[in-house]
Amino acid sequence: MSTRTPGTPGAGDGPAQLLTVLSAAPGTGPGAAAGPATERADAARNRRKILDAAARIVAEKGPDAVTMNQVAHASGIGVGTVYRRFGDVSQLLWALLDDRERQFQEAYMSGPPPLGPGAPAGERLDAFLDALVDRVAEQRAILLAAHSAAPRARYHSGAYQVMHTHVAMLLSRLRPGSDSALLAHLLLGPFSPDLMHHLTVEQALPAERVKAGVRELLALRA
């Protein structure tokens, strides 16, 4: 899984360097799934088709339903190409999670406001938390599987560190002098995959109610 370098995310200063989040995770080693920047145009198109097909299967049936043959059929790409590109299902799922993380980071670090730069800090924070609810819900099954395998790994991943830096930066603008680093951890805590699974699946709460609840929680002592 790849992510942007923690620094001043969201400042709009141009593209940040990419680094590996899960260097020991399946599918992140050399030759597993090179990023689009190093690919030929046809290889990049095939990669996009494969990842989009895998995403549809996960959304409709869950990650356990993903097979290389199904992905090949759904993408219109030969199964041999799918295997050569991703190796096995676990590497494909990690690549899918990485791909969605890249898209999310690009949106809040350099996308249009209010999620991206250009809006007041309070509006950006609301937009970020709303987007995070949607992202965790969309990727719930894969995130939950990763969380179950290594519950504390989330807090040491590059993806979490970049989100934490981003939220801390927004909080420091909203509340100068506050312990923004600690507050960012506490604010991101409810977005753990297991709690989001409990709320959205076991409690069947719609995403809009979760978003409203987060905003109400932030407003309790405003």
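Start with helix α10, which gives the most to the lining of the largest pocket: eight residues. Helices here are DSSP runs of H or I with at least four residues, numbered from the N terminus. The model is predicted, so local features need pLDDT of at least 70 and side-chain atom pairs pLDDT 80 or more, while totals for chains, interfaces and linings use all residues. Residues count from 1 along each chain as its sequence is written, and side-chain values use heavy atoms, without hydrogens or water.

**Stop 1: the largest pocket**

Select 207–219 to show α10. A pocket is an open set of points on a 1 Å grid over the protein atoms alone, where a 1.4 Å probe fits and protein lies on both sides within 12 Å along at least five of seven lines; lining residues have an atom within 4 Å of a point.

Now pick Leu187, Val214, Leu217, Leu218 and Ala219. Of the 26 lining residues, these lie nearest the pocket centre. The volume is about 740 Å³, taken as the space filled by probe spheres set on points joined across faces, edges and corners. Colour the lining by class: 19 residues are nonpolar, two polar and five charged. Nonpolar covers Ala, Val, Leu, Ile, Met, Phe, Trp, Tyr, Cys and Pro; charged covers Asp, Glu, Lys and Arg; the others, Gly among them, are polar.

**Stop 2: aromatic rings**

Rings of Phe, Tyr and Trp (its six-membered ring) pair if their centres lie within 6.5 Å; planes under 30 degrees apart are stacked, over 60 edge-to-face, the rest tilted. The count is four aromatic pairs. Select Phe104 and Phe128: a stacked pair, 5.6 Å centre to centre, with 25° between the planes. Phe104 sits in α4 (residues 89–110) and Phe128 in α5 (residues 121–138), so the pair ties together parts 24 residues apart in sequence.

Tyr108 and Phe128 pair edge-to-face, at 5.0 Å centre to centre and 90° between the planes. Ring pairs link Phe104, Tyr108 and Phe128 into a cluster.

Buried or exposed? Tyr108 is buried, with 0% relative accessible area. Buried means under 20%, exposed over 50%, partly exposed in between (1.4 Å probe, protein chains only). Phe128 is also buried, at 0%. Phe104 counts as buried at 7%.

Methods
Helix = DSSP H or I, 4+ residues; strand = E, 2+ residues; numbered from the N terminus.
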